[in-house]
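Reader: I would like to learn how to read helix packing in a model of this kind. Could you take me through the general idea and then through the case at hand?

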Amino acid sequence: YHILHNNYKKLDSDIQESIVDFIIVNMSDENLAVRCSSLLTAGEFLAQAGQSDDLDYLSRLCEALGERITDESAQVREDASLAAQHFAEAASSQSIMSSLDLLVPMLLSRAGDTSYPVRRASQQALYYLLHLHKGQEAANKVVQAYATRLAKRDADLSVTLVEYCKKTLIKLKPFSRLEQLESERSTLFAGSSSSDSD
């Protein structure tokens, strides 16, 4: 995860492909800790790929991420939603729009999740994916454009999305996953430097 944060653009395509394969395999591992760790890495890879508009990697990882958003483990569902938010905060608008079909329906399905942390994480992911953090005008454009596209495939889900945005998501206050991760990185490396000096 930390290697990806600083070195994504230095990796050649074969190595990037291998990393994607590794992440996807480990997202489905029987071990809970492995699944959660792979989701942290997936969030960082998606963020980096989303800034570069590497759409092939995005589609593969978002599809796998969507499956984990409905995992039997609440911790995995929460971490998958946090990974989606990580991507949504960092990626370009083009990358986000290309990934909505793979992420929004799965995140919306968590609206009634029995776990509050899962509901909260999925709401924040949708908040950023649908550009609600950029103001009402920007959000309206994204929500309406996607809802219109979604209605051709699932009219009921399209209506549900619009209502959920109006009644729930619009009331949220932004909570930055990027800032949280940066704080964790700073703490980690500060602790590492302190140990080295001792």
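This is a predicted model: local features need pLDDT of at least 70, side-chain atom pairs count only at pLDDT 80 or more; totals for chains, interfaces and linings use all residues.

Reader: Which angle and which distance describe the packing of α4 and α5?

Author: Two packed helices are described by the angle between their axes and the distance between the axes. Here helix α4 (residues 55–68) packs with α5 at about 150 degrees, the axes being 8 Å apart; axes are lines fitted to C-alpha atoms, for helices over the stretch in contact, and angles run from 0 to 180 degrees between N-to-C directions. Helices are DSSP runs of H or I with at least four residues, strands are runs of E with at least two, and both are numbered from the N terminus.

Reader: Which residues make the contact between α4 and α5?

Author: Contact means heavy atoms within 4.5 Å. From α4 come L58, C62, L65 and R68, and from α5 come V76, R77, A80, A83, A84 and F87. By class, this contact of α4 with α5 holds eight nonpolar, no polar and two charged residues, where Ala, Val, Leu, Ile, Met, Phe, Trp, Tyr, Cys and Pro count as nonpolar, Asp, Glu, Lys and Arg as charged, and the others, Gly among them, as polar.

Reader: How do α5 and α7 run relative to each other, roughly parallel or roughly antiparallel?

Author: The axes of helix α5 (residues 74–90) and helix α7 (residues 116–129) come within 8 Å and cross at roughly 15 degrees, which makes α5 roughly parallel to α7. Among the residues that meet are R77, L82 and F87 in α5 and V118, R120 and Y128 in α7. The residues of the contact of α5 with α7 divide into 11 nonpolar, four polar and four charged.

Reader: Where does H131 lie, and is H131 buried or exposed?

Author: H131 lies in the loop between α7 and α8 (136–151), and at 7% relative accessibility H131 counts as buried, meaning under 20% relative accessible area, with exposed over 50% and partly exposed in between (1.4 Å probe, protein chains only). Although H131 is not a glycine, its phi is positive, about 65 degrees.

Technical notes: Residues are numbered from 1 along each chain as its sequence is written. Side-chain values use heavy atoms; hydrogens and water are left out. Angles under 35 degrees count as roughly parallel, over 145 as roughly antiparallel, 65 to 115 as roughly perpendicular and the rest as oblique.
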